[in-house]
Amino acid sequence: MPPPAHHILSVLVENKAGVLARVAGLFARRGFNIFSLAVAPTDDERFSRLTIVVDVESAPLEQVTKQLFKLINVVKITELHPDDSVERELMILTVRAEGGTRGQVIELVQVFQGRIVDVGLGELTVELAGPPSKLDDFEDLMRAYGIVELQRTGRIALPKLERQVPRLRSLGRVG
Amino acid sequence: MKLNGGQALIRSLEMEGVEVIFGLPGGAILPVYDPIIDSPIRHILVRHEQGAGHMAEGFAHATGRPGVAMVTSGPAATNIVTPLCDAMMDSVPMVVVTGQVPSVAIGTDAFQECDTIGITRSITKHNELVTSAQDIPRVIREAFHIATTGRPGPVLVDIPKDVVDPRNPRSQMDWYWPESLDLPGYKPTTRGHPRMIREAAKLIAESRKPIIYAGGGIIRAGASEALHELATLLDVHVVTTLMGRGCFPDSHPLCLGMPGMHGNYTAVTSMQHADLLITLGARFDDRVTGRVSAFAPHAKVIHVDIDPAELGKVRRADVPIVGDVKLVIEELVKVIREQGGADTPPDRSEWHRRLDDWRVKHPIHFEQGWGEDDKLKPQFCIETLRQNTPEDTILCSGVGQHQMWSSQIWKFDRPNSWVNSGGLGTMGFAVPAAIGAKVGQPGKTVWAVDGDGCFQMTAQELVTATSERIPIKVAILNNAYLGMVRQWQELFYEERYSEVYLSPDLPDYKMWAEAMGCVGLRVEHPDEVVPAIEKANSIDDRPVVIDFRVDSEEKVYPMVPAGASNDDIILGPDQGPGGH
């Protein structure tokens, strides 16, 4: 069986206690694992945005999405297609970097445009932001040197901006 | 005006027009019970919190207005979980207020603490923990708005003690009543999409074998008149689901009755052969569809529901319409009239002949023998009860065989006259629901048809009924078994009867009824049925319980076995041969 596709849901919710539990509960009820989840208030502090990545087939996801929308505190749901959205994720990781390998690690951090944020005697802590696939690649490379600890934020995403004939579209929306 | 939270809560309920609260006090909710003494709101003291919840549901079923229940924290809150879930499944508007331990004690495993909000999250339309006394009017107003609009459902408000206790400064608030609501994520769509409505009219105009599949949504939306207009305008037959019984009158020649697992042959088979299902406020429940892949295989589907999540959930709709079913039907009627669609319908005479033929060949049927040794048939009791009760009687039932027989045999001619637990299938629903229905409709006769198994689950609420002078009538169809389970064991488990025998005499239902202040009667022979019902009808100052000793071996037919196609409907003896 091929692995089910990643689906990215961007969910605008009221910034209130318990809302995350309501959202998570709808996935848990069906036994769907949430792959990653990022939550933070939006520019309007009454609302928060959840970016949820789930691995499920489209049909059940559509039903969950409809159920999500029934939650009183959920304002808006958008499914973001990876091709039509900008995704970013932040990772910090501590990697072994003793004597001989220290230079190699620093070089790789530079290649990936990461930053070294903490330095120990035999270890470095690195910060790296970017598309999730870039983080995956970096993680794979660092594994060879010995990852001590690693934390990723889960992805956040926004839809890509329209670049085609915006005037026509906006005209269409008038009235 | 300064009030404390308890006063503000009662005042808010008064502002919402609440006439009656079903409840039972306890530690955490104590401060709210004090201002009840000074309020015009009637409080009905139940004997178990589950009873309070089902009474609130019964009240809502019978009146269309939200039922209200109030109980304390911890075990009281968990006791009302079943009615909440029941109301969620059957879209019953209900507001439940639960006490909670003081804010500082939440999460400490305090005495009678439980995570009420967490426990009830998935079985309420919405729930909210009140964190400040000042929020009480807003939260109550929102609760009633959410419970009664869109797809109705239960809303729970959890109130920590410190927020309502006048001895705690945190309970002080400045009274206000919110003029408007701020619910940015809650805007139910009520108007159907005009293009979709035109599409629906087009499908109807082309259909040669249409069926209207009407559900409980018709009753919740108050759409019975609109449905009547649509069905008669089009001359299209109507099936009414278990939750929709009464939404279209059984006495109307276009009414085919109940479809589904124990539906009648014509209702079930008409859907299997239809080329169009005009689905109005129904949700393709598994008890209606049987095996989904074999359900109504030739039918295109128009599906109207206020809940967008129902559209396409089970069966793909050719024309999905989100909206209030009453408004949508009214628009649809208008469009059909404008297009003159009803004037020149396709020839449906052959279809009508087939439907009539099925109705004649396969009616719901039973035999009541009158000999000395003939056993009393439960269906006969229900039929006789119907013939000897006022036309506007409200019938309540529990869950199981007696529920199915009631739905099959009783003639429902009005919406809100049938009160039962459809989705959750809650045994013990009948007695408390009947009490709630009678409180909401004191001028109407309210009968509960109950099973002996169901009755034993919530019978103690008859004490509530007697002490509050709520004269309901209960007909126990006592077959000494958990009858529906027994039926399945007989048919599908090689007659291996596992843990289903209950005994006809233990408890002694007549004595039990009398111990609870009711009049208790017993009926063992068909001759005694009418006199007992007449006796019950003559009593209006206390509840009456009739113990009908019925045939244990009687089964509910027709039946579509679980997971089977509706084409494989099993008819009972004397219901005619199967096949089409």
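Reader: Before we look at any sheet here, what makes two strands count as a pair?

Author: Two strands pair if DSSP finds at least two bridges between them. Keep in mind that this is a predicted model. As a general idea, strands of a sheet pair through backbone hydrogen bonds, either parallel or antiparallel. In chain B, six strands make an open sheet, and the order across it is β16-β15-β17-β18-β20-β19, with parallel pairing.

Reader: Which strands stand at the edges of that sheet?

Author: Those are β16 (418-419) and β19 (519-523) of chain B. Each has a single partner strand, so one side of each is left without a neighbour in the sheet.

Reader: Can we zoom in on one pair? How many bridges join β18 and β20 of chain B?

Author: Six bridges, in the parallel sense, between β18 (residues 473-478) of chain B and β20 (residues 544-549) of chain B. To find one by eye, pick B:Leu477: its bridge partner in β20(B) is B:Phe548.

Reader: Which strands does helix α17 of chain B lie across?

Author: Helix α17 (residues 401-409) of chain B lies across β15 (394-397), β17 (446-451) and β18 of chain B. Against β17(B), the helix runs at about 135 degrees.

Reader: Now for helices against helices. At what angle do α1 and α7 of chain B cross?

Author: Roughly 30 degrees, and the axes of α1 (residues 5-15) and α7 (residues 136-148) of chain B come within 9 Å. Angles under 35 degrees count as roughly parallel, and α1(B) and α7(B) are therefore roughly parallel to each other. Their crossing is right-handed.

Reader: Which residues meet there?

Author: From α1(B) come B:Gly5, B:Ala8, B:Leu9, B:Ser12 and B:Leu13, and they meet B:Ile136, B:Pro137, B:Ile140 and B:Arg141 in α7(B). By class, this contact of α1(B) with α7(B) has six nonpolar residues, two polar and one charged.

Reader: Let's step back to the domains. Into which domains is chain B divided?

Author: Domain 1 covers 2-174, domain 2 covers 194-361 and domain 3 covers 378-553 of chain B. Look at domain 1 and domain 3 of chain B: their C-alpha centres lie 30 Å apart. In the contact, 25 residues of domain 1 of chain B touch 25 residues of domain 3 of chain B.

Reader: Which element gives the most to the domain 1 side of that contact?

Author: It's α3(B), with 11 residues on the side of domain 1 of chain B that touches domain 3 of chain B. The elements giving two or more residues to this side are β2 (20-24), β3 (42-45), α3 (49-63) and α5 (81-89) of chain B.

Reader: How does α3 of chain B sit against α18 of chain B?

Author: The axes of α3(B) and α18 (residues 430-440) of chain B come within 6 Å and cross at roughly 45 degrees. That makes α3(B) oblique to α18(B). The crossing is right-handed. Among the residues that meet are B:Gly51, B:His54 and B:Phe59 in α3(B), with B:Pro432, B:Ile435 and B:Val439 among those in α18(B). The contact of α3(B) with α18(B) divides into 10 nonpolar, seven polar and one charged residues.

Reader: And chain A? Which domains does the assignment give?

Author: For chain A, the assignment gives domain 1 (6-80) and domain 2 (86-157). Their centres, taken over C-alpha atoms, are separated by 29 Å. Eight residues from domain 1 of chain A and five residues from domain 2 of chain A take part in the contact. On the domain 1 side of chain A, the largest share, three residues, comes from β2(A).

Reader: How many residues of chain A are in contact with chain B?

Author: 14 residues of chain A, and they are in contact with 12 residues of chain B. On the chain A side, α1 (19-29), α2 (58-70) and β4 (74-80) of chain A each supply at least two residues. That side of chain A has four nonpolar, five polar and five charged residues.

Notes. Residues numbered from 1 in each chain as written. Chains lettered and ligands numbered in written order. Predicted model: local features only at pLDDT ≥ 70, side-chain atom pairs only at ≥ 80, totals over all residues. Helix = DSSP H or I, 4+ residues; strand = E, 2+ residues; numbered from the N terminus. Contact = placed C-beta atoms within 7 Å. Axes fitted to C-alpha atoms, helices over the stretch in contact; angles between N-to-C directions. Parallel < 35°, antiparallel > 145°, perpendicular 65-115°, else oblique. Left-handed = near helix turned anticlockwise from the far one by under 90°. Nonpolar A, V, L, I, M, F, W, Y, C, P; charged D, E, K, R; others polar. Domains from an automatic or database assignment.
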